[in-house]
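These are my notebook entries on a structure that I had not examined before. I set down what I looked up, one topic at a time.

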Protein chains: 4
Amino acid sequence: MLQRKATVNIRRLGASDNVPLVVHRRALAKACRPVQRAQFRPTCTAQTQPPAPTNGAVNGSHSATVSPSVGGATESANPSLTANLLLQCPDQKGVIAAVSQLLYGFGCNIIASDQFSDQTSSMFFQRITFDFSDIVIGPGNTPVLERAIAELAQRYGMKWQLSYTNKVKRLAILVSKQDHCLYDLLIRHRSREMRCEIPLIISNHPDLKHIADTFGVPFHHLPLGKEAGSKQQQEAAIEALIASERIDVLILARYMQVFSQEFCERHWGHTINIHHSFLPAFEGARPYHRAHERGVKIIGATAHFATAELDAGPIIDQGVTRITHRDSVDDMIRKGKDLERLVLAKAVRWHLEDRVMVHGNKTVVFED
Amino acid sequence: MLQRKATVNIRRLGASDNVPLVVHRRALAKACRPVQRAQFRPTCTAQTQPPAPTNGAVNGSHSATVSPSVGGATESANPSLTANLLLQCPDQKGVIAAVSQLLYGFGCNIIASDQFSDQTSSMFFQRITFDFSDIVIGPGNTPVLERAIAELAQRYGMKWQLSYTNKVKRLAILVSKQDHCLYDLLIRHRSREMRCEIPLIISNHPDLKHIADTFGVPFHHLPLGKEAGSKQQQEAAIEALIASERIDVLILARYMQVFSQEFCERHWGHTINIHHSFLPAFEGARPYHRAHERGVKIIGATAHFATAELDAGPIIDQGVTRITHRDSVDDMIRKGKDLERLVLAKAVRWHLEDRVMVHGNKTVVFED
Amino acid sequence: MLQRKATVNIRRLGASDNVPLVVHRRALAKACRPVQRAQFRPTCTAQTQPPAPTNGAVNGSHSATVSPSVGGATESANPSLTANLLLQCPDQKGVIAAVSQLLYGFGCNIIASDQFSDQTSSMFFQRITFDFSDIVIGPGNTPVLERAIAELAQRYGMKWQLSYTNKVKRLAILVSKQDHCLYDLLIRHRSREMRCEIPLIISNHPDLKHIADTFGVPFHHLPLGKEAGSKQQQEAAIEALIASERIDVLILARYMQVFSQEFCERHWGHTINIHHSFLPAFEGARPYHRAHERGVKIIGATAHFATAELDAGPIIDQGVTRITHRDSVDDMIRKGKDLERLVLAKAVRWHLEDRVMVHGNKTVVFED
Amino acid sequence: MLQRKATVNIRRLGASDNVPLVVHRRALAKACRPVQRAQFRPTCTAQTQPPAPTNGAVNGSHSATVSPSVGGATESANPSLTANLLLQCPDQKGVIAAVSQLLYGFGCNIIASDQFSDQTSSMFFQRITFDFSDIVIGPGNTPVLERAIAELAQRYGMKWQLSYTNKVKRLAILVSKQDHCLYDLLIRHRSREMRCEIPLIISNHPDLKHIADTFGVPFHHLPLGKEAGSKQQQEAAIEALIASERIDVLILARYMQVFSQEFCERHWGHTINIHHSFLPAFEGARPYHRAHERGVKIIGATAHFATAELDAGPIIDQGVTRITHRDSVDDMIRKGKDLERLVLAKAVRWHLEDRVMVHGNKTVVFED
């Protein structure tokens with residue numbers, strides 16, 4: 001009820017034509033504060049979830065985004081409550097002012113902000129990290145904030161995504177037989193370089209189970225081929241694991257299988273692949289062999305969002321290293337491993353920190 | 001008179017305690033517009049210049065910054081009027097909102113914005129590029145905008161600097177006998193990679209006059225040594241040239257002389273030196289020789305703001321290149337030349353585009 | 001006559017089955033020395049030139065290679081007489097020993113040597129720099145050395161090339177409208193980074209004449225198009241210039257025209273092109289535009305030997321630089337210019353120093 | 001007895017004044033072959049070991065070098081018997097010819113060879129990889145070859161070292177609390193990137209035992225401090241382990257203790273340390289903190305041979321990565337970890353492959 005009032009309040013302000021969106025802090029604070037500690041929290045989940053999936057998520061990783069995990073005991077345990085807001089919209093005057101004003105009006109403190117106006121597409125992109133521990137509506141009532149953002153988004157034709165830092169994303173790593181990227185991700189995870197949970201590793205081969213065991217991560221062997229299941233069956237099994245483990249991000253850490261178009265579309269924007277070449281050179285199979293044949297002097301690796309079309313998805317990051325005529329294919333494979341590890345790890349970390357936005361077939365990466 | 005009104009208006013809004021600075025566009029527009037075309041323009045120069053030098057300039061390059069060169073014929077010739085606002089202040093809530101709101105309120109469109117909150121020093125840094133062709137007070141009245149910024153700055157304890165893009169900065173290049181950096185800067189200038197004017201080259205040796213001639217830049221030979229003038233006399237001659245040519249930026253392009261402390265302090269923040277080592281390694285003389293002796297596997301170059309203490313000023317950029325045991329000192333000098341050129345050119349370009357801020361002995365560089 | 005003896009001597013040694021090629025220094029010295037100062041020198045030119053072009057040149061740059069310019073006044077002027085021997089042959093035992101033994105036997109001192117055995121092709125490549133100022137047959141009689149090498153080459157199925165350091169190679173630079181590579185080569189030449197002569201610049205446009213004038217290099221405008229000459233006529237004019245100026249190396253410094261297959265074949269192995277992408281990505285036109293569209297995070301430049309097939313020739317060197325979503329096509333062009341300059345300059349310098357060998361469509365580069 | 005004959009034979013050839021060292025293959029083969037399979041093998045160990053340590057080892061890793069491990073069952077199992085010969089001597093004519101001739105004379109096939117003449121020190125350095133499976137004296141009689149090399153070495157004032165590829169070097173890894181380099185080395189070892197045995201890990205802290213356990217490597221906790229043993233006692237314990245496990249190489253993988261001068265001297269040339277800065281910048285403690293304070297734009301890591309003087313030993317390799325003002329000390333530590341891993345792994349691999357030679361306080365690295 002009171003919540004509706006708040007919404008109305010925002011809407012009214014938002015509707016005013018020539019004036020930027022201003023949330024009057026005192027009025028809002030007065031309206032919301034009493035509610036915050038009383039009836040508000042139980043209802044917010046149900047009320048905000050519907051609108052968000054339809055017009056909200058930028059990269060589709062909605063499970064990490066929408067569910068209002070801010071609440072309960074963890075809240076007080078974690079004194080600094082922060083969130084990342086990603087947004088993109090047609091470039092227009094006043095967007096930056098409107099968004100920063102909205103957050104300021106709610107009593108949020110902008111810690112970091114990065115924006116980019118793409119001249120080619122006339123699109124505007126922004127990433128804002130803000131602290132909402134002093135939010136006037138109480139940190140448990142972020143759905144009110146989400147609704148205000150949703151309204152603003154509608155006015156500016158924005159796609160947006162809000163991720164709460166204390167909602168840790170859940171990764172599934174898919175591998176085949178190569179171990180270097182798997183090792184690398186697990187070690188970085190253990191040393192807290194990457195903030196995420198890794199509840200499962202999936203492979204079409206049993207070879208790397210021992211690594212999963214070493215790091216205490218459940219290993220799921222889902223074979224393919226004649227005697228094993230069909231591709232369809234395997235994908236269904238993967239989907240079941242993704243659902244049961246509430247996976248937010250899929251990492252193809254040298255997973256040497258192509259997914260169906262349906263699978264790729266379902267997991268668009270949160271599936272990251274590492275390709276062992278400097279794309280678009282040497283798309284497809286055996287890139288090091290072909291690089292050796294062509295006699296290139298530099299080899300590379302590319303992390304990109306997976307698409308149904310092989311090695312054609314939006315590039316997140318690329319790395320390169322010099323080689324010489326002395327480097328055999330085996331040397332290139334060895335040198336390439338280091339590249340693959342570094343480039344994949346960087347892309348995964350950036351994605352986990354909500355630094356990557358996709359527009360068309362390109363990414364905007366707000367690097368750290 | 002009307003101007004005072006506008007100022008009062010801003011002040012009043014700025015003074016309100018809990019509310020961010022909001023400039024009511026319609027009110028402001030109404031108040032200022034009639035003035036803009038009538039009495040306003042002639043007075044603005046005199047009125048804004050005094051406050052700016054005292055509390056305004058971030059890096060001291062005030063000549064490029066404060067003088068309101070927006071006016072007269074060039075105005076209509078350049079349809080897109082843009083400016084760069086640099087600011088730094090103690091980190092606090094609401095700064096981003098206040099600044100973007102102020103610009104929006106004036107009818108300016110933020111084209112690009114970069115900010116950084118330094119956790120160590122608790123300082124906030126921002127660079128905003130905005131288009132003021134639709135400014136409500138008229139593009140000829142930017143002093144009003146400057147005064148509004150100055151007021152905001154006072155509230156937040158801000159150091160700030162405003163540079164108008166159509167006020168092209170004026171460079172003096174100082175060289176000794178090495179030609180590679182001089183060539184490089186002149187070629188980049190000619191090919192419009194660097195937006196500036198280069199009205200003079202100064203050298204303590206006559207050797208590079210032919211290059212100055214080739215590119216049509218006046219060359220001033222100000223020798224040093226027994227028969228030539230003393231250091232003091234030479235510095236006085238340089239100062240005279242800087243004054244008469246209204247120089248904004250000094251580039252020490254392998255100028256092998258040290259300036260007096262007084263000179264360095266007078267030109268603090270707009271004097272860029274290139275040192276041929278990866279500082280702080282090999283400060284001082286003959287860095288390549290010492291790098292060769294130490295047996296390093298990588299050499300570097302460092303562009304930094306000049307200070308009286310040799311090679312100790314804030315670093316703007318550094319570059320490196322691999323070497324091997326095969327590289328003699330001469331090879332290192334040759335490879336180093338490419339580094340020096342690239343690093344110096346980058347630092348100069350960034351400085352010309354108002355991308356470099358100094359805090360303490362460190363820089364914040366908003367790279368392009 | 002005596003010369004024949006020396007040859008026979010070598011042949012006999014070379015013919016012995018199980019024993020490596022050994023030139024008995026004393027015997028050889030005894031046989032040759034008297035001749036050296038008397039009748040020998042006048043005849044050597046005529047006698048060695050015929051065999052060399054047919055079975056000698058590795059990269060076809062025979063004009064720099066075969067003509068025995070060692071002689072006359074320059075000889076005594078340059079106290080250190082050095083030469084670069086490039087050779088390639090099927091990998092087999094004893095090659096290194098045989099070659100080093102031959103040079104040692106002649107009294108030459110190996111200053112540097114680099115070799116490479118390619119496992120894939122089972123080929124052996126070597127580059128030897130040797131000092132022949134103490135050659136037992138006298139430094140004016142290098143044709144005798146050449147004949148000995150030719151015999152050894154026949155035994156081992158070797159392709160070889162011998163370049164005398166004091167025979168400076170002659171470059172022609174071909175350009176269109178872009179000036180950065182031209183400037184760069186001319187400045188490096190002037191500062192003696194590149195050891196060569198540049199007797200002419202050729203262009204299909206008149207735009208860069210002023211640069212040629214600045215550096216005092218004759219500029220030949222050979223236009224193409226309707227009113228101008230046909231492609232055939234233009235190529236004929238270029239060929240005439242190459243012949244009259246005894247050009248050894250052609251540099252396509254952003255020359256935006258494709259040569260006929262015949263032209264490419266005639267100048268195979270001594271024509272270096274710079275392509276503004278990281279080949280094999282973005283072969284052909286407008287690579288930066290296509291890189292921008294694809295959203296790559298790294299751009300590159302490639303120096304390669306020109307072939308009739310566009311951008312498909314053996315790669316000499318490549319360079320890359322990181323870009324971000326902020327980089328427009330214009331930024332990429334600007335950043336790419338620095339790459340193109342550096343990569344082309346390196347490739348040219350390596351070629352001038354006989355560091356590049358071609359086998360199939362790949363290069364072996366003995367870097368400095 | 002027959003062995004003495006062979007030696008005499010070599011000596012006689014070597015003594016001849018003006019003629020390069022030539023081993024007549026047939027004569028030598030005839031003399032040695034019968035012996036090879038009969039009485040020769042048992043005696044060779046005792047007879048060659050004495051001379052080698054005194055004038056032989058270049059880097060002191062004599063345990064890997066001298067003991068003639070070529071023999072027994074492995075011999076026939078490994079069809080390709082190769083060895084690396086490292087040598088350095090005053091630069092002089094004929095060295096390359098003499099060495100390659102000697103190897104050729106013995107029926108060895110040079111697979112790869114790299115050499116370098118240092119103009120500054122007038123020293124000559126060479127690394128030769130040769131296949132001795134067809135050695136005329138039989139692959140079990142390499143001590144004869146060693147003696148021939150020793151004689152040649154005496155003639156040319158050479159320091160030399162011969163390492164047989166099938167004698168795998170044994171590594172000890174020393175760590176404190178940081179795990180990234182340890183993980184990295186163990187994973188590369190497991191994936192056969194590094195050819196060595198790792199029989200033990202030593203630490204002054206118990207923290208990383210779990211990693212040693214994971215990879216099945218014995219972990220020795222040798223604490224330091226008040227209640228634990230003194231530095232002397234700890235070093236003695238380390239020495240005992242080195243002796244009992246026949247360790248060839250010590251890797252200080254972020255081992256945060258300084259060894260005594262005696263220890264450093266005893267293990268000179270086979271102890272590799274990784275320092276987390278771009279030496280000589282930021283020698284000593286807390287380099288990232290100091291780099292942050294100085295405001296550098298690039299950080300580095302340096303692998304070097306350990307000396308008693310801290311961070312002053314010969315540099316094997318260095319790596320760097322760009323940072324910006326945004327990088328906190330923690331970010332620098334994180335980015336630095338990747339550098340440290342890569343640089344240390346490269347240095348270790350090069351050392352294991354006998355690619356690193358030391359002269360004075362500098363290294364000659366024949367990179368792969």
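**Entry 1: chain A against chain C**

I began with the contact between chain A and chain C, which takes 38 residues from chain A and 38 residues from chain C. I note at the outset that the model is a predicted one. I then looked up the area buried between chain A and chain C and found about 3,100 Å², with carbon and sulfur atoms giving 53% of it. Of the area that chain A buries against chain C, 23% comes from A:Arg294, A:Lys297 and A:His325, more than from any other three residues.

I found four salt bridges across the interface of chain A and chain C. For one pair I recorded the atoms: the side chains of A:Arg326 and C:Asp114 meet in a salt bridge at 3.3 Å, N to O. The interface of chain A and chain C also has 22 residue pairs in polar contact, both residues being at pLDDT 80 or more.

Which elements give two or more residues to the side of chain A that touches chain C? I listed strand 2 (109–118), helix 13 (287–294), strand 11 (315–322), helix 14 (329–352) and strand 13 (362–365) of chain A. Strand 11 of chain A gives the most, with seven residues.

**Entry 2: chain C against chain B**

I looked up the contact of chain C with chain B, to which chain C gives 20 residues and chain B gives 20 residues. The area buried between them is about 1,900 Å², and carbon and sulfur atoms give 48% of that area. C:Tyr183, C:Ile187 and C:Arg334 supply 26% of what chain C buries against chain B, more than any other three residues.

I counted six salt bridges between chain C and chain B. Helix 13 of chain C gives the most to the side of chain C that touches chain B, with seven residues. I sorted the residues of that side into four nonpolar, three polar and 13 charged.

**Entry 3: helix 13 of chain D**

I noted the buried residues of helix 13 (residues 287–294) of chain D: D:Pro287, D:Tyr288, D:Ala291, D:His292 and D:Arg294. They lie on the same side of helix 13 of chain D, because they cover an arc of only 165° around the axis. After the helix comes D:Gly295, with a positive phi near 75°.

Technical notes: Residues numbered from 1 in each chain as written. Chains lettered and ligands numbered in written order. Predicted model: local features only at pLDDT ≥ 70, side-chain atom pairs only at ≥ 80, totals over all residues. Heavy atoms only, no water. Contact = heavy atoms within 4.5 Å. Buried area = accessible area lost by both parts, 1.4 Å probe. Helix = DSSP H or I, 4+ residues; strand = E, 2+ residues; numbered from the N terminus. Nonpolar A, V, L, I, M, F, W, Y, C, P; charged D, E, K, R; others polar. Buried < 20%, exposed > 50% of the residue type's maximum accessible area, 1.4 Å probe, protein only. Arc of directions from axis to C-beta. Polar contact = N/O pair within 3.5 Å; in protein donor to acceptor, adjacent residues only side chain to side chain.
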